[in-house]
Amino acid sequence: MIDAPGLTHEPFPRGRTRPLFAAGLGTLGLVALLSLSQPQGHPPRLTSAGDCDKQDVNGDTDIGGRGCFGGAALSSSNSEGSTCSVPGLPATMQAILARGPSPLGVSRGIWNIYWTKDALLPPCPYEDEIQVQVRGSSVNPADWYEAQTRGAAQAFDHDPGLGDDVSGVVVAVGRACAAQGFRVGDEVWGVTASATGDFRSREQNAYAQFANVFCKLVGKRSPGAPVSLEDLGTIGLAGGTSIGAMLDAGAPWRPEDNVTLAVASGSGGTGTFAIQGALGLGAARVFAAASADHFATIRSLGATPVDYHTTSLWDALPPSSVDVVWDNLGAAGTAQAAARALKRNGLYLTLAVGHFASWQAAGTGIGTPTLPADGVLVVDGKPIVARSPSVRDEATDSVRIVALMNRLIDAGLMRPVVGKRYPLCDVAAALDESVNGHAAGKIAIDVPPVEGWSIDDFLDAEVRR
Ligand SMILES: NC(=O)c1ccc[n+]([C@@H]2O[C@H](COP(=O)([O-])OP(=O)(O)OC[C@H]3O[C@@H](n4cnc5c(N)ncnc54)[C@H](OP(=O)(O)O)[C@@H]3O)[C@@H](O)[C@H]2O)c1
């Protein structure tokens with residue numbers, strides 16, 4: 001395990017219900033019923049980032065004068081009046097854009113999104129943003145919740161993008177970010193603004209070759225980190241949420257705490273990061289529900305799997321043996337069922353709050369969760385403590401949590417489990433994979449390089465000058 005100086009066992013703030021990185025996403029649920037635009041055909045499945053060039057998509061649509069990011073390439077300015085210039089960039093880029101709400105809601109194979117080579121680059125970053133040449137991203141269930149509704153959710157005058165997880169190389173730096181030490185050429189990873197529920201005027205989306213990102217939501221890749229920059233792009237949202245939850249649950253733990261954690265859903269994004277985060281931050285043992293196909297993965301991460309198809313995790317565990325339940329699934333009645341396995345005054349921590357709960361139920365058919373209010377829940381005479389992850393101040397906590405994840409990664413205690421990869425142009429198939437509900441770890445999105453252009457060439461030229 002690693003210790004985590006500066007991290008304290010703060011009591012959970014009562015009555016707060018916004019999960020890490022998920023603030024404000026709830027507005028999207030309201031627009032699912034709006035009228036529908038023309039559905040896009042489902043493109044053929046592709047296998048590598050280079051295959052985007054072979055893509056004969058009905059989705060490669062002329063977006064005409066609407067523009068997609070409201071910006072200009074080469075030398076651009078934003079409404080703050082800042083200008084910036086990145087030498088040699090093309091005028092357009094590849095991106096996934098959303099047009100109107102999804103015609104059938106969350107329905108495999110039919111999305112309201114399309115791939116285009118003609119998206120305009122983001123404008124010059126605002127002072128609290130950096131511009132990144134995107135190298136990697138991934139699919140979180142939040143991306144298909146957003147794909148379902150994006151494009152009608154806000155008063156956009158253009159088709160908005162998608163993609164919450166991001167990694168890439170910095171190509172332009174806003175003033176405030178420069179003051180915080182960000183430089184052109186830095187390798188960074190984290191989340192985009194939409195992962196925090198911020199869908200306002202600054203479109204910052206990682207399913208694109210370039211994105212503007214708040215520098216408070218990303219951290220620098222450690223020199224020599226054992227995880228590639230591309231794969232760091234799969235961690236931000238699910239990893240940050242899971243590590244934040246472990247901190248809420250009291251981590252880092254001391255050996256004498258002898259903590260036992262049970263994870264409701266061990267195989268996917270939040271599950272694989274929570275297992276690693278818990279053990280890396282001192283938990284003595286972790287049990288996790290999973291399909292038998294994923295037992296090897298769960299074991300390789302150091303946890304003990306339980307096949308939820310044949311037995312309930314809560315019945316498989318000895319009574320009153322668990323200190324913390326991490327309910328990252330949100331099935332109906334979990335708090336009550338888990339109470340049997342929890343110790344007296346044990347902690348039930350759930351992600352299934354607010355709109356996430358209804359999306360989750362709508363998307364997965366798992367059932368509407370029955371959530372206890374934050375506070376003490378008495379089940380069969382035994383009190384357990386029920387909480388949802390705390391509200392975080394993204395400006396400080398994201399920086400702190402990415403820094404902590406870097407330490408876990410550098411120490412070899414955390415890595416993304418990437419079950420499948422899709423090229424940028426095949427995001428629709430990647431969303432389908434996620435909707436299937438049995439992702440093995442993370443579903444990576446590989447973003448192709450810009451042909452004939454690299455920030456490294458520019459940096460080399462600067463150094464030689
Ligand atoms: N609030 C936040 O900040 C935040 C952040 C991230 C995620 N979330 C939410 O948390 C939930 C999980 O996210 P995720 O990224 O981990 O999703 P994911 O990667 O898509 O995970 C899917 C996993 O669920 C497992 N599963 C399906 N049915 C199950 C069942 N009945 N019992 C146990 N496991 C089951 C599958 O395991 P098997 O294949 O082994 O069956 C699969 O690996 C989503 O609803 C998501 O929206 C919230």
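This is a short exchange on a predicted model and on how its labels are reached.

Reader: What makes R344 exposed?

Author: R344 has 10 other C-beta atoms within 10 Å. The cut-off for exposed is 12 or fewer. So R344 is called exposed, because its 10 falls within that limit.

Reader: Where is R344 found, and which residues does it touch?

Author: R344 is found in strand β14, residues 342-350. Leaving aside residues up to four places away in sequence, R344 touches S320, K382 and P383.

Reader: What follows α11?

Author: G437 follows α11. The phi of G437 is positive, near 85 degrees.

Reader: How do you know that β6 and β7 pair?

Author: Pairing needs at least two bridges between the strands. Strand β6, residues 165-173, and β7 have 5 bridges, in the antiparallel sense. The 5 bridges meet the cut-off, so the two strands pair. V169 stands opposite E187 in β7.

Reader: What makes β7 and β9 a pair?

Author: Strand β9 covers residues 218-220, and β7 and β9 have 3 bridges, also in the antiparallel sense. With at least two required, 3 is enough, so β7 and β9 pair. W189 stands opposite G219 in β9.

Reader: What does the chain contain, and how far along the sequence do its contacts reach?

Author: The chain has 12 helices and 18 strands. Among contacts between residues at least 6 apart in sequence, 77% join residues at least 24 apart.

Reader: What is the average pLDDT, and where is pLDDT below 50?

Author: The chain averages a pLDDT of 77, and 68% of the residues score at least 70. Over residues 5-43 the pLDDT is below 50, yet this stretch has 85 contacts in the model beyond near neighbours in sequence. Residues 56-75 also stay under 50, with 56 contacts beyond four places in sequence. Where pLDDT is low, the predicted coordinates should not be read in detail.

Note on methods: Residues numbered from 1 in each chain as written. Predicted model: local features only at pLDDT ≥ 70, side-chain atom pairs only at ≥ 80, totals over all residues. Helix = DSSP H or I, 4+ residues; strand = E, 2+ residues; numbered from the N terminus. Contact = placed C-beta atoms within 7 Å. Buried ≥ 20, exposed ≤ 12 C-beta atoms within 10 Å, placed from the backbone. pLDDT = per-residue confidence, 0-100.
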